[in-house]
Amino acid sequence: MAELSYREAIAAGIAQEMARDPMVYFIGEDIGAAGGVFKATVGLFERFGPDRVRDTPISEQAIIGAAMGAAMTGLRPIAEIMFSDFLATCWDMIANQIAKTRYMTDGQVALPLVIRTANGGGTRFGAQHSQSLENWAMAVPGLKVVAPSNPADAKGLLAAAVRDPDPVLFFEQKSLYGVKGNVPDGEHVDTLGSAKVLRDGKDCTIVALAAMVPKAMQAAEQLASDGIQATVVDVRSLVPLDTRTILGEVVKTGRLFTVEENPRLCGWGAEIASLAADECFDDLDGPIVRITTPHVPLPAADVLEDAAMPSVERIVATVRKSMR
Amino acid sequence: MRIKAPATGEVERATRLRLYQLMVELRDFEQRAYELFLENLVRGTSHLALGQEAIGAGYGVAMRADDYTFCTYRGHNHTLARGASMGAALAELMGRGNGMLHGKGGSMHLTDVKHGAMGSYAIVGAHLPIAAGAAWSAQVRKSGQVAVCFFGDGTTNIGAFHEALNLAVVWKLPVVFVCENNLYMEYTPIEAVTAVKHPAADRASAYGLESILVDGNDADVMYDIARQTIGKARAGGGPSLVEALTYRHGGHSRADPAQYRPEAEVREWLARDPIKVYRRRLLEAGIGEAEIGDIEARAQQKVDAATEEARGGAPARVDEIERQIWSDGSATWRN
Ligand SMILES: Cc1ncc(C[n+]2csc(CCOP(=O)(O)OP(=O)(O)O)c2C)c(N)n1
Ligand SMILES: [Mg+2]
């Protein structure tokens, strides 16, 4: 085990896959000699050279379109979109082209590509550089959607995404880039579509994703001192969705809370709530409660952003109130 | 018109016959598609390329078997020009299970990867960056393949056009962008909404490319420019942008009677019908009426056989709905 930051784990995951497979190419803005604006790709340009680690113009449609054309003709590209907010400028490529072409051609093309992007708030960047957009991607048939919460998962799930034969949107949470954690030595490959139970408790199940996972864990510790024992599940992958693990934990405790960074409407937690209501109704002992950002763009000021996003305190207070 | 007449040597006789044959086949196919629509057998929309056959034929004949074609919703001709099955194409238009995409794509998305027809794209401009990506892949794989990307005049005003051209030039990609300027978007004349007279050719210099404007209704001219631009791309010389002037004989899509076009303009362009023009040229070159008639009869037979094949297909199968989202053939999103 080595201790790596989340950003170092990303670079290590890309390097592992580029060294393994010469068909893996990596493109994006400022990713080469500059090492990425979040320094999540440091060292790749020096190691793999300017052909395989290639800087692009500020042309998000060209970046994603090029990745698609390359993936359908034999490469396994990784494309970076600097901030997930910029996905809006190339959403046609993602939602209309990449997601649908295999289906529309009844399987004539495969699109083994990964789109990495820095997602989420907590950095005081304001409403156009802070969104949590996993649910946009989750709503489009044909895209796999992954969002790791720690360095080991960042490396292992990224490697799995590169090896996956289908398109994967890989959301890296900006506020986690500096977080350190142990990452297994040597080759590390995880499994897409597998949630992880991080903490076992008998009273309620808290389901969280990405940056909300450490918050849910802290909240569970505080709740334990109040006598509420919470299970915490890290969803990790929204598509495919590990409903077996998630709903299995809901059934055990009889209570479900979701913690979502996204604005309220149509967040991923709504889908999980709907599945639980459909399939675990008889096992539920109380209402399903979603803890989200209010339905607003994220404001910039630190006090406003902190108050808008789900906090440890809000999670604790919400669970406590609902469990009374 | 700044038609840059390519320095053609005599196009070989066999090539000329092949160009004529392909144009006639594409014409007969589109006409049959229209007749089947009138019979209410083609249910969805369709965008015919009647009148624009010389462009697809010129490039189709010049391309290598493993080159890539990317085209638009007006793409029956480009897909067929690569050798895709006419019967499977008509069946797809008719929503049949024996359709090229088993009913899941329809007229606007004809694709036949086996023949290098990498897809028909229905969001204006989207396939230009995708074609650049296929060219990038060919470049790094050193395969010698070239990507050819066809689109309309209206497409030159969307961002993806400019993003793709810039990237293709900066990366020196083996891609040829072919703008089929048929003077109209859906209903609006291109000149009414475009800053320059020639929507593609006048933009070429912005990307350091040669300005190429050609007669898109002349199959010899199209074949020649195809050979030049594909040859340049294959030799590592980078991308080209070609503007081919042409005209669609019918409306934008099947619902459009095209009454917004001045009568004199329609008459002038019908007189320049690429098939009529080329037939005359073949006769002048000493190719006999019998040989030409034979090509025409065989094209009719081919389209008739394709029609029978398509009509004979069962409706698309409902169990296709939840297939082929993912590479394992499934549409599963949960366990
Ligand atoms: C992004 C986008 N905007 C609008 C449309 C609707 N639309 C379909 S075809 C078309 C006209 C395109 O004109 P042109 O590029 O000249 O191609 P042509 O149809 O003449 O071959 C329009 C506006 C679309 N499909 N995609
Ligand atoms: Mg047009």
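Let me start with a definition: metal donors are N, O and S atoms within 2.8 Å of the metal (3.2 Å for Na, K and Ca). Water is not among the atoms, so sites may look incomplete.

Now the ground rules. This is a predicted model: local features need pLDDT of at least 70, side-chain atom pairs count only at pLDDT 80 or more, and totals for chains, interfaces and linings use all residues. Residues are numbered from 1 along each chain as its sequence is written, chains are lettered from A and ligands numbered from 1 in the order written, and side-chain values use heavy atoms, without hydrogens and water.

On confidence: pLDDT is the predictor's confidence in each residue, from 0 to 100. Chain B averages 96, and 97% of its residues score at least 70. The model has ipTM 0.97 and pTM 0.97.

First, the metal. Which residues coordinate the magnesium ion, ligand 2? They are B:D153 through OD, B:N182 through OD1 and B:Y184 through O, at 2.1 to 2.2 Å. Along the chain, the donor spacing reads D-x28-N-x1-Y. B:D153 sits in the loop between β3 (147-152) and α6 (159-170) of chain B. B:N182 sits in the loop between β4 (175-181) and β5 (212-215) of chain B, 29 residues apart from B:D153. Helices here are DSSP runs of H or I with at least four residues, strands are runs of E with at least two, and numbering starts at the N terminus.

Are these two buried or exposed? Buried means under 20% relative accessible area, exposed over 50%, partly exposed in between, with a 1.4 Å probe and protein chains only. B:D153 is buried, at 1%. B:N182 is buried too, at 5%.

Next, chain A. Five strands make an open, mixed sheet, in the order β9-β11-β10-β13-β14. Strands pair if DSSP finds at least two bridges between them. β9 (196-199) and β14 (289-293) of chain A are the edges, each pairing on one side only.

β9(A) runs antiparallel to β11(A), residues 230-234, over three bridges. There, A:K196 stands opposite A:D234.

β13(A) and β14(A) run parallel, joined by four bridges. A:F257 has A:V289 as its bridge partner in β14(A). Why is β14(A) described as largely enclosed by the rest of the structure? Because five of its five residues are buried.
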